[in-house]
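Please keep the sequence and the structure in view while reading.

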Amino acid sequence: MVDKKLASLIHNQVFFHGQLNLLWEGGFEELLPLNDDFIQGLLSFKDKYLIESQQFKEALDLVTKKVLHQLWQVNQYIDIRKEDTERLKAIYKETFQSINRDNASSMMEKHFQHLSQWIKPFYQPQMVEALKAQKQIGQVVNNQYSGEFQLSQFDLELSELNFPLLDIGCGEDAGFVEYLRKHNKEAYGIDHLITRPGSYLWEEHWLDFDYGKDKWSTIWAHMSYTNHMNYHKSHNSPLWSGYAKCFKNILDSLIVGGRFCYCPSVPMMEEYLNSLEGQPYIIDSPHPNRICITRRH
Ligand SMILES: C[S@@+](CC[C@H](N)C(=O)[O-])C[C@H]1O[C@@H](n2cnc3c(N)ncnc32)[C@H](O)[C@@H]1O
């Protein structure tokens with residue numbers, strides 16, 4: 001468990017600075033005046049714990065998770081993989097190792113520059129250019145929806161679902177999975193941010209997850225995977241082909257008769273699947289933009 005006082009310092013620091021634009025190219029002091037309470041708290045923690053201690057490792061995990069959470073609040077489409085998370089953690093570790101009472105101000109500036117360098121490659125060059133002159137950055141709503149609401153989107157009753165079910169991009173609190181578990185159903189979820197990872201909730205990037213073969217009776221992706229898939233398609237992103245391949249892996253992980261329910265739709269993908277010889281899939285659209293694909297053989 002992370003020291004309570006430190007956890008609250010981390011939380012406040014990330015929360016209050018969550019809207020700062022890391023790509024701003026104006027003066028650092030103007031953007032981020034030094035917060036003495038935060039620096040004092042950080043240094044007293046540093047006096048107390050060794051850099052290789054478990055406490056320190058957990059604090060690094062916490063700060064990384066909070067920062068990622070905040071970044072995805074600002075831009076849900078930035079695609080951060082495990083190795084990127086490790087590099088982010090290394091930036092925090094280095095700052096923490098080097099900071100002291102005399103160099104706090106210059107270290108914070110350096111830290112900001114490192115974060116800025118780290119985040120730049122996730123944005124297209126024209127976006128980096130446009131954001132240079134902007135101190136603050138907006139926030140998107142990355143909502144989670146109730147179990148009942150999600151079922152209604154596909155005109156489904158709970159009794160019409162088959163299990164095991166995997167919810168891709170299930171949300172930090174995995175509302176749908178928890179709802180199903182409360183009804184004694186075998187449900188699992190993955191998301192790159194999970195509040196309480198455990199035996200049925202996995203914190204993973206959906207392109208890195210091993211879906212298996214002939215395994216799931218239902219796969220669910222409500223306002224998650226295909227939303228990002230469409231984003232990468234419309235931005236000609238190099239990630240599109242990875243999303244398309246993974247979409248096929250998801251279908252292969254269904255048992256025969258299993259169903260992949262998702263929204264929004266990906267018209268190009270559905271047209272392609274419909275055109276396949278031997279019609280291996282039945283594609284239903286219970287509402288516009290809501291799709292259920294059943295594997296026939
Ligand atoms: C709009 S929310 C929808 C959550 C949930 N499906 C619902 O409807 O309540 C999208 C979810 O996708 C997750 N997500 C985004 N990119 C992801 C990725 N690369 N790998 C795994 N999860 C991701 C986000 O963390 C977020 O929880």
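Ile168 stands opposite Ile190 in strand 2. The model in which this pair is found is a predicted one, in which local features need pLDDT of at least 70 and side-chain atom pairs count only at pLDDT 80 or more, while totals for chains, interfaces and linings use all residues. Residue numbers start from 1 along each chain as its sequence is written. Strands, like helices, are DSSP runs numbered from the N terminus, with at least two residues (E) needed for a strand and at least four (H or I) for a helix. Strand 1 (residues 165-168) and strand 2 run parallel and are joined by 4 bridges, where two strands count as paired if DSSP finds at least two bridges between them. Between strand 1 and strand 2 the chain passes through helix 9 (residues 175-182), and this β-α-β crossover is right-handed, meaning that, with the strands pointing away from the viewer, the path from the first strand over the helix to the second runs clockwise.

Strand 2 is also joined to strand 3 (residues 201-203) by 3 bridges, again in a parallel arrangement, and Leu201 in strand 3 is the bridge partner of Gly189. Because 5 of the 5 residues of strand 2 (residues 187-191) are buried, this strand is largely enclosed by the rest of the structure; a residue is called buried if 20 or more other C-beta atoms lie within 10 Å of its own, exposed if 12 or fewer do, and partly exposed in between, with C-beta atoms placed from the backbone. In a regular strand, side chains alternate between the two faces of the sheet. In strand 2, Ala187, Gly189 and Asp191 point one way, Tyr188 and Ile190 point the other way, and all are buried.

With 6 of its 7 residues buried, strand 4 (residues 216-222) is largely enclosed by the rest of the structure. Strand 4 in turn is joined by 6 bridges to strand 5 (residues 254-263), with the two running parallel, and Thr218 faces Arg259 in strand 5.

## Backbone features in the loops

One joins Phe163 and Pro164, with omega about 10°, and Pro164 lies in the loop between helix 8 (147-153) and strand 1. The other runs from Cys263 to Pro264, with omega near 0°, and Pro264 belongs to the loop between strand 5 and helix 12 (267-274).

Asn236, although not a glycine, has a positive phi of about 50°; this residue lies in the loop between helix 10 (225-234) and helix 11 (240-252), and it counts as exposed because it has 8 C-beta neighbours inside 10 Å. Asn289 likewise has a positive phi, of about 75°, without being a glycine, and is placed in the loop between strand 6 (281-287) and strand 7 (290-295). With 12 other C-beta atoms within 10 Å, Asn289 is exposed.

## Ligand surroundings

Around the ligand there are 21 residues, of which Gln144, Gly169, Gly171, His192 and His222 come nearest; a residue is near a molecule if its C-beta atom, placed from the backbone, lies within 6 Å of it. By class, this shell has 6 nonpolar, 13 polar and 2 charged residues, where Ala, Val, Leu, Ile, Met, Phe, Trp, Tyr, Cys and Pro count as nonpolar, Asp, Glu, Lys and Arg as charged, and the others, Gly among them, as polar.

## Domains and overall dimensions

The domain assignment gives domain 1 (4-131) and domain 2 (147-295), such bounds coming from an automatic or database domain assignment. The C-alpha centres of the two domains lie 33 Å apart. Where they meet, 6 residues of domain 1 are in contact with 5 residues of domain 2, contact being defined as C-beta atoms, placed from the backbone, lying within 7 Å. The side of domain 1 that touches domain 2 divides into 3 nonpolar, 1 polar and 2 charged residues.

Val67 is found in helix 4 (residues 54-74) and counts as buried, with 21 C-beta neighbours inside 10 Å. Leaving aside neighbours within four places in sequence, Val67 is in contact with Val14 and Leu88. Overall, the protein has 12 helices and 7 strands, and its C-alpha trace spans about 70 × 45 × 30 Å along its principal axes. Of the 297 residues in the protein, 20% are buried.

Terms used:
Two residues are in contact if their C-beta atoms, placed from the backbone, lie within 7 Å.
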